[in-house]
Amino acid sequence: MEEAVAQGHIIDSIRNSEHYETGTIKLSNGKAEIHVPPGFKFLNKEQSIDVLTKLWGNPPEVANKTLGMIFPENADPFTDSSFVFVVSYDEMGYVKDDDAAKINYNDLLKQIQDGEKEDNENRKKEGYSTMHLIGWAQAPFYDKQNKVLHWAKDIQVGDAEQSRDERTLNYEIRILGRKGVLSIDVICTMHELPQVNANIEKVLHMASFTEGNSYFDFDPKIDKVAAWTIGTLVAGKILAKVGLLAIFGKYLLAFWKFILIGLGAIGSFFRKIFRRKKAESNVDDYTQAADAAAIETPAEAAATSDTPPALPTEEGTATDNPHA
């Protein structure tokens with residue numbers, strides 16, 4: 001009972017330190033803005049990085065391009081059975097979209113799955129869980145008019161069989177700009193897919209580039225063209241290379257214990273905190289919680305491959321738009 005009360009005090013302290021915004025938010029890089037839809041709230045860059053690294057135990061290098069997080073208005077970093085959008089930006093250059101209509105996404109899915117063995121061997125050597133792409137939770141679709149790419153992956157974390165609701169949902173949105181890509185990535189389980197789908201149209205249209213930074217402002221005389229295409233963005237290689245959210249299982253091992261087990265069953269997480277409190281009379285609660293999260297479940301640093309994958313293409317075989 002004493003520990004439960006102390007846990008509540010720590011959580012309340014962290015919640016009280018968070019300051020959310022609504023309305024139109026100009027992102028800190030100045031290149032884009034978020035129009036927070038009704039029913040949601042925005043957490044700024046600094047606080048979001050604290051959540052991802054100190055609270056959820058992820059290494060700083062995978063959060064260094066984060067610009068904010070968007071939560072449902074009745075949720076926060078401690079809410080179980082909910083979801084959150086992580087907003088980030090990569091100035092990779094202007095991504096040509098010529099290949100979009102030619103990609104066979106079923107072949108691309110198989111290619112990603114075929115590459116799992118080598119990737120998982122490396123994960124095991126470094127002490128991390130394996131990742132298995134079960135299939136598309138939502139088939140990739142590219143909105144050529146608005147320059148928005150989105151898709152979702154159904155991922156199993158670890159080798160033990162998981163029910164559908166227990167598996168990872170990796171929903172990714174890419175908004176193409178003049179000098180880079182704005183990413184909005186969903187953190188949750190497959191159980192929350194209906195909630196995400198119910199809100200996805202709002203999310204697809206809530207971000208826009210500022211004047212002079214849109215895809216249509218591209219100037220071939222002075223602007224850099226990215227080495228990556230629509231297909232390689234879906235394959236995830238460019239995002240793994242720069243340390244963004246390619247597969248959440250790599251990024252959020254700490255979070256997965258947190259969200260799947262739930263607050264009521266993470267006594268060991270908090271016991272670390274209370275042992276320290278007995279030994280130290282003057283300790284910051286937030287730092288203790290962050291340290292405990294990092295010790296409990298370390299997350300993997302991003303991959304560093306410099307070579308984009310060769311992608312299968314077949315004229316006229318792109319997967320139908322699930323949102324048309």
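Two strands are taken to pair if DSSP finds at least two bridges between them. In this predicted model, β8 and β9 meet that criterion, pairing in the antiparallel sense over 9 bridges. Within this pair, Leu133 has Ile155 of β9 as its bridge partner. The two strands form a hairpin with 4 residues between them, and in the turn Lys147 has a positive phi of about 60 degrees. β9 also pairs with β10, again in the antiparallel sense, over 8 bridges, and here the bridge partner of Asp154 is Leu169 in β10.

Strand β9 is mostly covered, with 10 of its 10 residues buried. In a regular strand the side chains alternate between the two faces of the sheet. In β9, Val148, His150, Ala152, Asp154 and Gln156 point one way, whereas Leu149, Trp151, Lys153, Ile155 and Val157 point the other way, and all are buried.

Helix α5, which spans residues 193-204, has 12 residues and reaches 15 Å from its first C-alpha to its last, close to the 16 Å expected at 1.5 Å a residue. Its buried residues are Leu193, Val196, Asn199, Ile200, Val203 and Leu204. These lie on the same side of α5, because they cover an arc of only 155 degrees around the axis. On the other side of the helix, Pro194 and Ala198 are exposed. The elements that cover the buried residues of α5 include β8 (131-143), β9 (148-157), β10 (168-176) and β11 (181-189), as well as β4 (40-43) and β6 (84-90).

In soluble globular proteins, nonpolar side chains tend to be buried together. The largest nonpolar core of the model has 33 residues, of which Ile34, Leu169, Tyr171, Ile173, Leu182 and Ile184 touch the most other members. The largest share of this core, 5 residues, comes from α5. Another core, of 25 residues, lies apart from it and has Met92, Val95, Leu108 and Ala235 among its members.

An open sheet of 3 strands, with antiparallel pairing, has the order β2-β3-β12. Its edge strands, each pairing on one side only, are β2 (24-26) and β12 (207-209). Neighbouring strands of this sheet are turned by 25 degrees against each other on average, direction ignored. β2 and strand β3 (residues 32-35) pair in the antiparallel sense over 3 bridges, and Glu33 in β3 is the bridge partner of Lys26.

How values were computed. Residues numbered from 1 in each chain as written. Predicted model: local features only at pLDDT ≥ 70, side-chain atom pairs only at ≥ 80, totals over all residues. Heavy atoms only, no water. Expected span 1.5 Å × (residues − 1). Buried < 20%, exposed > 50% of the residue type's maximum accessible area, 1.4 Å probe, protein only. Arc of directions from axis to C-beta. Contact = heavy atoms within 4.5 Å. Core = buried A, V, L, I, M, F, W, Y, C linked by side-chain atoms within 4.5 Å. Axes fitted to C-alpha atoms, helices over the stretch in contact; angles between N-to-C directions.
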